[in-house]
Structures are given as structure tokens and as C-alpha cells.
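Welcome! Try each task before you read its solution.

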Amino acid sequence: MRLGNHETRTMDLRTTPVHLGRGSRARPVEGFAWDPAVLGAYTAAVAADGAEGRMVAVFDGEGPGDHWESHPAGDELVVCLSGSVTVTRVVDGVPDRVLLGPGEATVNPAGVWHAVDMEGPATVLSITATLGTEHRPRTGTGMAGAATPTPEEAP
């Protein structure tokens with residue numbers, strides 16, 4: 001994993017997220033993978049940006065998400081690019097579900113546990129404050145309206 005510099009070529013945000021950092025810098029995250037070693041290297045490489053750093057990425061998927069997540073350093077913007085997506089947030093122990101269609105977005109406030117379910121094939125763009133991000137597995141996940149354990153109930 002390495003941070004690129006002022007790239008002029010086309011990037012696929014599905015495989016090469018972009019890190020937005022201090023000084024309004026945008027740097028491709030080359031060789032990125034959802035692997036603990038790569039995530040650790042990314043975290044170290046962008047540490048100087050602190051809470052101001054953001055990762056911009058695109059995800060394709062279908063079905064329920066497999067984890068809860070929380071971003072204590074800042075808000076996260078989630079934009080549905082295609083399909084239909086349900087974002088479930090747990091606010092004061094109560095699930096709050098937001099259904100998004102193409103072009104619609106929602107903000108997950110800093111520190112709020114949330115999960116994303118893609119109802120059929122869908123594509124999502126996220127802009128995430130990654131510093132201190134936590135994940136917890138979901139068990140018995142389901143689509144909007146179905147019972148899912150809260151992050152506190154997750155193993």
C-alpha cells in the first residue's frame with residue numbers, strides 16, 4: 001500500500017480509494033485491500049491528517065452487510081449511486097433506518113454505530129473519517145424491518 005501523488009490517470013474507486021487529507025490534498029491509496037496489515041499501513045501513512053482525513057471509496061454489493069461500524073473522528077457521508085440501500089443507525093439504543101435510492105444520501109454522525117444493507121445489486125459511495133474506526137460483526141442480519149442485533153449485542 002502506498003499513497004500516490006497528483007494522479008492524472010483514471011482511477012477506479014472500487015479498487016483504489018482516495019484519501020482526502022489536510023491542505024486539501026487528494027491521494028490515491030494504491031494497493032489498498034480490506035486486510036488488517038494493509039489497513040494498518042494506511043492508518044500509519046495518513047496519521048498526520050488526524051481527524052481531518054477522509055477516505056473516498058465505492059462499494060458494489062448485494063444483500064445484508066456483515067458488520068456494524070462506528071467512526072468516532074467524524075461524520076460519514078453515504079451516497080447510493082444505484083439500486084436501493086438501507087442504512088441502519090443505532091441512536092440511544094433504538095434502530096433508525098433510512099432507505100436510499102439512486103442519488104440520495106445520508107450522514108452517519110460521528111460515533112454512531114451503523115450498518116448498510118443493499119437490497120438487490122447496489123453501488124454506494126462513502127466519504128469516511130477513518131481515524132479510530134471500529135467494526136463489530138453482525139449475526140442474524142436481515143433487510144430493513146428485520147430484527148438484527150445492535151452493535152452492543154454483537155459478539
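**Exercise 1. A pair of strands**

How many bridges join strand S7 to strand S8, and do the two run parallel or antiparallel?

*Solution.* Keep in mind that this is a predicted model.
- Step 1: Find S7 at residues 85-91 and S8 at residues 94-100.
- Step 2: Count the bridges between S7 and S8: there are seven, and the strands run antiparallel.
- Step 3: Check one partner. Val85 is bridged to Leu100 in S8.
- Step 4: Look at the turn. The S7 and S8 hairpin has two residues between its strands, and Asp92 takes a positive phi near 55 degrees.

**Exercise 2. Rings around Phe32**

Work out how the rings of Phe32 and Trp34 are arranged, and then follow the ring pairs onward.

*Solution.* 
- Step 1: Begin with the total, which is three aromatic pairs.
- Step 2: Take Phe32 and Trp34. Their ring centres are 4.8 Å apart and their planes meet at 90 degrees; planes over 60 degrees apart count as edge-to-face, so this pair is edge-to-face.
- Step 3: Move on to Phe32 and Tyr42. This pair is also edge-to-face, at 6.1 Å centre to centre with 85 degrees between the planes.
- Step 4: Phe32 lies in the loop between strand S3 (25-30) and H1, while Tyr42 belongs to helix H1, ten residues apart, and the pair links distant parts of the chain.
- Step 5: Phe32, Trp34, Tyr42 and Phe59 are linked by ring pairs into a cluster.

**Exercise 3. Buried or exposed?**

Decide whether Phe32, Trp34 and Tyr42 are buried or exposed.

*Solution.* 
- Step 1: Recall the cut-offs: under 20% is buried, over 50% is exposed.
- Step 2: Phe32 has 12% relative accessibility, so Phe32 counts as buried.
- Step 3: Tyr42 has 2%, so Tyr42 is buried as well.
- Step 4: Trp34 has 54%, so Trp34 counts as exposed.

**Exercise 4. The largest pocket**

Describe the largest pocket and what lines it.

*Solution.* 
- Step 1: Its volume is about 880 Å³.
- Step 2: The lining has 30 residues, and the closest to the centre are Trp34, Phe59, His67, Glu69 and His135.
- Step 3: Sort the lining by class: twelve nonpolar, 13 polar and five charged residues.
- Step 4: Find the suppliers. H1 (36-45), S4 (54-63), S5 (67-70), S6 (76-82) and S10 (113-128) each give at least two residues, and S10 gives the most, with seven.

Methods: Residues are numbered from 1 along each chain as its sequence is written. This is a predicted model: local features need pLDDT of at least 70, side-chain atom pairs count only at pLDDT 80 or more; totals for chains, interfaces and linings use all residues. Side-chain values use heavy atoms; hydrogens and water are left out. On a 1 Å grid over the protein atoms alone, a cavity is a set of points where a 1.4 Å probe fits but cannot get out, and a pocket is an open set with protein on both sides within 12 Å along at least five of seven lines; lining residues have an atom within 4 Å of a point. Grid points are joined across faces, edges and corners, and a volume is the space filled by probe spheres set on the points. Helices (H or I, at least four residues) and strands (E, at least two) are DSSP runs, numbered from the N terminus. Ala, Val, Leu, Ile, Met, Phe, Trp, Tyr, Cys and Pro count as nonpolar, Asp, Glu, Lys and Arg as charged, and the others, Gly among them, as polar. Rings of Phe, Tyr and Trp (its six-membered ring) pair if their centres lie within 6.5 Å; planes under 30 degrees apart count as stacked, over 60 as edge-to-face and the rest as tilted. Buried means under 20% relative accessible area, exposed over 50%, partly exposed in between (1.4 Å probe, protein chains only). Two strands pair if DSSP finds at least two bridges between them.
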